[in-house]
Amino acid sequence: MATTPASFPSGGTWFDTLKKSFVDVPIDASNSNAIPTSDFLDAAESLTTLFDLLGSIAFTPVKNDMLGNITKIRTLHLSSPAQTSTLQSLVPYELSTKKHTASEGLLWLVRGLDFTATALRHTLSNPTSELSNSFRTAYTTTLKPHHSFLVKPVFSAAMSATPYKRDFYAKMSRSEDEGKVREEMEKWVGALEERVGLMREFMGRKEAKW
(Lines give C-alpha, C1' and ligand atoms only; values in the text may rest on other atoms or scores of the structure.)
Protein backbone atom coordinates (compact mmCIF):
# COMPACT_ATOMS: atom_id res chain seq x y z
CA MET A 1 0.00 0.00 0.00
CA ALA A 2 1.30 3.46 -0.85
CA THR A 3 2.38 5.67 2.01
CA THR A 4 -0.24 8.42 1.81
CA PRO A 5 -2.48 10.12 4.41
CA ALA A 6 -5.37 7.98 3.14
CA SER A 7 -3.49 4.88 4.29
CA PHE A 8 -3.02 6.24 7.83
CA PRO A 9 -5.34 5.15 10.64
CA SER A 10 -8.10 7.59 11.56
CA GLY A 11 -6.56 10.58 13.30
CA GLY A 12 -3.14 9.01 12.80
CA THR A 13 0.15 10.08 11.31
CA TRP A 14 2.94 8.57 9.24
CA PHE A 15 4.56 7.38 12.48
CA ASP A 16 1.59 5.04 13.08
CA THR A 17 2.34 3.21 9.81
CA LEU A 18 5.90 2.24 10.70
CA LYS A 19 6.57 -1.49 10.98
CA LYS A 20 9.21 -0.56 13.54
CA SER A 21 9.96 2.83 15.08
CA PHE A 22 13.40 3.83 16.30
CA VAL A 23 11.65 4.69 19.57
CA ASP A 24 11.14 0.93 20.02
CA VAL A 25 14.66 -0.20 19.04
CA PRO A 26 16.30 -1.38 22.31
CA ILE A 27 19.68 -0.24 23.58
CA ASP A 28 21.32 -2.73 25.95
CA ALA A 29 23.17 -0.48 28.38
CA SER A 30 24.45 -3.55 30.24
CA ASN A 31 26.15 -4.78 27.06
CA SER A 32 28.07 -1.73 25.81
CA ASN A 33 24.91 -0.15 24.38
CA ALA A 34 24.38 -3.07 22.01
CA ILE A 35 21.63 -2.57 19.42
CA PRO A 36 19.71 -5.59 18.02
CA THR A 37 20.45 -5.96 14.32
CA SER A 38 16.97 -7.06 13.26
CA ASP A 39 15.16 -4.29 15.13
CA PHE A 40 17.51 -1.62 13.77
CA LEU A 41 17.11 -2.82 10.19
CA ASP A 42 13.32 -2.96 10.48
CA ALA A 43 13.27 0.61 11.80
CA ALA A 44 15.63 1.79 9.07
CA GLU A 45 13.54 0.11 6.38
CA SER A 46 10.40 1.74 7.81
CA LEU A 47 12.15 5.12 7.71
CA THR A 48 12.69 4.90 3.94
CA THR A 49 8.95 5.39 3.35
CA LEU A 50 9.51 8.97 4.51
CA PHE A 51 11.10 9.67 1.14
CA ASP A 52 7.82 8.69 -0.55
CA LEU A 53 6.11 11.51 1.34
CA LEU A 54 8.64 13.98 0.00
CA GLY A 55 6.87 13.34 -3.28
CA SER A 56 9.66 13.62 -5.81
CA ILE A 57 11.29 11.00 -8.01
CA ALA A 58 14.54 12.81 -7.22
CA PHE A 59 14.53 11.06 -3.83
CA THR A 60 14.44 7.59 -5.39
CA PRO A 61 18.27 7.28 -5.45
CA VAL A 62 18.41 8.31 -1.78
CA LYS A 63 15.83 5.68 -0.81
CA ASN A 64 17.35 2.97 -2.98
CA ASP A 65 20.81 3.63 -1.55
CA MET A 66 19.50 3.07 1.97
CA LEU A 67 17.56 -0.04 1.01
CA GLY A 68 20.61 -1.47 -0.75
CA ASN A 69 22.70 -1.07 2.39
CA ILE A 70 19.95 -2.62 4.52
CA THR A 71 19.94 -5.63 2.20
CA LYS A 72 23.72 -6.07 2.54
CA ILE A 73 23.48 -6.10 6.33
CA ARG A 74 20.37 -8.30 6.47
CA THR A 75 21.93 -10.88 4.11
CA LEU A 76 24.81 -11.45 6.52
CA HIS A 77 22.52 -11.38 9.54
CA LEU A 78 20.20 -14.03 8.10
CA SER A 79 23.12 -16.28 7.15
CA SER A 80 24.77 -16.02 10.59
CA PRO A 81 22.11 -14.85 13.09
CA ALA A 82 23.87 -16.01 16.26
CA GLN A 83 27.11 -14.21 15.41
CA THR A 84 25.39 -11.03 14.24
CA SER A 85 22.55 -10.59 16.72
CA THR A 86 23.68 -7.03 17.46
CA LEU A 87 25.21 -4.45 15.16
CA GLN A 88 28.25 -4.29 17.41
CA SER A 89 28.83 -8.04 17.04
CA LEU A 90 28.09 -8.12 13.30
CA VAL A 91 31.03 -5.93 12.28
CA PRO A 92 33.87 -7.75 14.07
CA TYR A 93 32.39 -11.10 13.04
CA GLU A 94 32.37 -10.15 9.35
CA LEU A 95 35.83 -8.62 9.54
CA SER A 96 37.13 -11.87 11.03
CA THR A 97 36.07 -13.57 7.79
CA LYS A 98 38.18 -11.09 5.79
CA LYS A 99 35.08 -9.48 4.29
CA HIS A 100 33.41 -6.13 4.87
CA THR A 101 30.38 -5.95 2.57
CA ALA A 102 27.82 -5.70 5.38
CA SER A 103 30.08 -3.55 7.54
CA GLU A 104 30.52 -1.06 4.73
CA GLY A 105 26.77 -1.17 4.18
CA LEU A 106 26.26 -0.35 7.86
CA LEU A 107 28.69 2.56 7.64
CA TRP A 108 26.76 4.05 4.72
CA LEU A 109 23.39 3.28 6.31
CA VAL A 110 24.40 5.13 9.47
CA ARG A 111 25.51 8.07 7.34
CA GLY A 112 22.14 8.07 5.57
CA LEU A 113 20.27 7.91 8.86
CA ASP A 114 22.44 10.71 10.24
CA PHE A 115 21.53 12.80 7.20
CA THR A 116 17.81 12.17 7.78
CA ALA A 117 18.02 12.92 11.51
CA THR A 118 20.01 16.11 10.89
CA ALA A 119 17.54 17.35 8.27
CA LEU A 120 14.50 16.75 10.45
CA ARG A 121 16.18 18.19 13.55
CA HIS A 122 16.95 21.34 11.57
CA THR A 123 13.31 21.41 10.46
CA LEU A 124 12.05 21.13 14.03
CA SER A 125 14.51 23.70 15.38
CA ASN A 126 13.91 26.26 12.61
CA PRO A 127 10.13 26.67 12.18
CA THR A 128 10.47 29.38 9.51
CA SER A 129 13.07 27.51 7.44
CA GLU A 130 11.82 25.53 4.44
CA LEU A 131 12.57 21.82 4.01
CA SER A 132 14.89 22.44 1.07
CA ASN A 133 17.17 24.49 3.32
CA SER A 134 17.05 21.87 6.09
CA PHE A 135 17.88 19.01 3.70
CA ARG A 136 20.62 20.94 1.89
CA THR A 137 22.22 21.87 5.21
CA ALA A 138 22.05 18.26 6.39
CA TYR A 139 23.49 16.91 3.15
CA THR A 140 26.42 19.33 3.30
CA THR A 141 27.40 18.22 6.80
CA THR A 142 26.71 14.47 6.60
CA LEU A 143 26.76 12.73 3.21
CA LYS A 144 28.37 15.22 0.83
CA PRO A 145 31.93 14.90 2.26
CA HIS A 146 31.82 11.16 1.49
CA HIS A 147 30.26 11.33 -2.00
CA SER A 148 32.13 11.33 -5.31
CA PHE A 149 31.75 14.14 -7.83
CA LEU A 150 29.45 11.84 -9.84
CA VAL A 151 27.07 11.19 -6.94
CA LYS A 152 26.90 14.71 -5.49
CA PRO A 153 24.73 16.19 -8.30
CA VAL A 154 22.20 13.34 -7.95
CA PHE A 155 21.73 13.91 -4.23
CA SER A 156 21.91 17.70 -4.53
CA ALA A 157 19.01 17.60 -6.99
CA ALA A 158 16.92 15.71 -4.45
CA MET A 159 17.64 18.29 -1.76
CA SER A 160 16.10 20.99 -3.94
CA ALA A 161 13.05 18.88 -4.79
CA THR A 162 11.51 18.87 -1.33
CA PRO A 163 7.94 20.16 -0.88
CA TYR A 164 6.99 23.23 1.12
CA LYS A 165 7.05 22.51 4.84
CA ARG A 166 3.30 23.06 5.26
CA ASP A 167 2.60 20.55 2.49
CA PHE A 168 5.02 18.05 4.03
CA TYR A 169 3.31 18.27 7.41
CA ALA A 170 -0.07 17.84 5.71
CA LYS A 171 1.19 14.62 4.10
CA MET A 172 2.42 13.38 7.48
CA SER A 173 -1.03 13.41 9.10
CA ARG A 174 -4.45 12.22 7.98
CA SER A 175 -6.03 15.12 9.85
CA GLU A 176 -3.31 17.59 8.77
CA ASP A 177 -2.56 18.19 12.46
CA GLU A 178 0.83 19.90 12.35
CA GLY A 179 1.11 20.08 16.14
CA LYS A 180 0.66 16.33 16.51
CA VAL A 181 3.14 15.65 13.72
CA ARG A 182 5.77 17.86 15.34
CA GLU A 183 5.21 16.22 18.74
CA GLU A 184 5.63 12.70 17.34
CA MET A 185 8.53 13.74 15.12
CA GLU A 186 10.36 15.16 18.13
CA LYS A 187 10.21 11.79 19.91
CA TRP A 188 11.11 9.79 16.82
CA VAL A 189 13.99 12.03 15.77
CA GLY A 190 15.35 12.01 19.33
CA ALA A 191 15.38 8.21 19.32
CA LEU A 192 16.98 8.13 15.87
CA GLU A 193 19.67 10.62 16.93
CA GLU A 194 20.55 8.56 20.01
CA ARG A 195 20.98 5.33 18.06
CA VAL A 196 22.84 7.01 15.20
CA GLY A 197 25.16 8.64 17.73
CA LEU A 198 25.98 5.28 19.31
CA MET A 199 26.65 3.70 15.93
CA ARG A 200 28.80 6.58 14.72
CA GLU A 201 30.92 6.22 17.83
CA PHE A 202 31.18 2.45 17.34
CA MET A 203 32.02 2.67 13.64
CA GLY A 204 34.83 5.04 14.50
CA ARG A 205 36.58 2.48 16.70
CA LYS A 206 39.63 0.52 15.65
CA GLU A 207 37.79 -2.82 15.80
CA ALA A 208 35.27 -1.55 13.23
CA LYS A 209 37.89 -0.62 10.63
CA TRP A 210 38.90 -2.67 7.61
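## Aromatic pairs

Nine aromatic pairs are counted in this predicted model. One of them joins Trp-14 and Phe-15, whose ring centres lie 5.1 Å apart with 70° between the planes, an edge-to-face arrangement. Trp-14 and Phe-15 are both buried.

Phe-22 and Phe-40 also form a pair: with centres 5.6 Å apart and planes at 75°, over the 60 degrees required, the pair is classed as edge-to-face. Phe-40 belongs to helix H1 (37-47), whereas Phe-22 is found in the segment before that helix, so the contact ties together parts that are 18 residues apart in sequence. Both Phe-22 and Phe-40 are buried.

## Aromatic cluster

The residues of these two pairs belong to one aromatic cluster, which consists of Trp-14, Phe-15, Phe-22, Phe-40 and Trp-188. Among its members, Trp-14 and Phe-15 are buried, as are Phe-22 and Phe-40.

## Charges over rings

Two arginine side chains are considered here. Arg-111 lies over the face of Trp-108, at 4.6 Å from the centre of the ring. The charged end of Arg-166 is placed over the ring of Tyr-164, with 5.1 Å to the ring centre.

## Helix H5

Helix H5 comprises 25 residues, 101-125. H5 is mostly covered, since 18 of its 25 residues are buried, that is, under 20% relative accessible area.

Note on methods:
Residues are numbered from 1 along each chain as its sequence is written. This is a predicted model: local features need pLDDT of at least 70, side-chain atom pairs count only at pLDDT 80 or more; totals for chains, interfaces and linings use all residues. Side-chain values use heavy atoms; hydrogens and water are left out. Helices (H or I, at least four residues) and strands (E, at least two) are DSSP runs, numbered from the N terminus. The expected span of a helix is 1.5 Å times one less than its number of residues. Buried means under 20% relative accessible area, exposed over 50%, partly exposed in between (1.4 Å probe, protein chains only). Rings of Phe, Tyr and Trp (its six-membered ring) pair if their centres lie within 6.5 Å; planes under 30 degrees apart count as stacked, over 60 as edge-to-face and the rest as tilted. A charge sits over a ring if NZ of Lys or CZ of Arg is within 6 Å of the ring centre and within 35 degrees of the ring normal.
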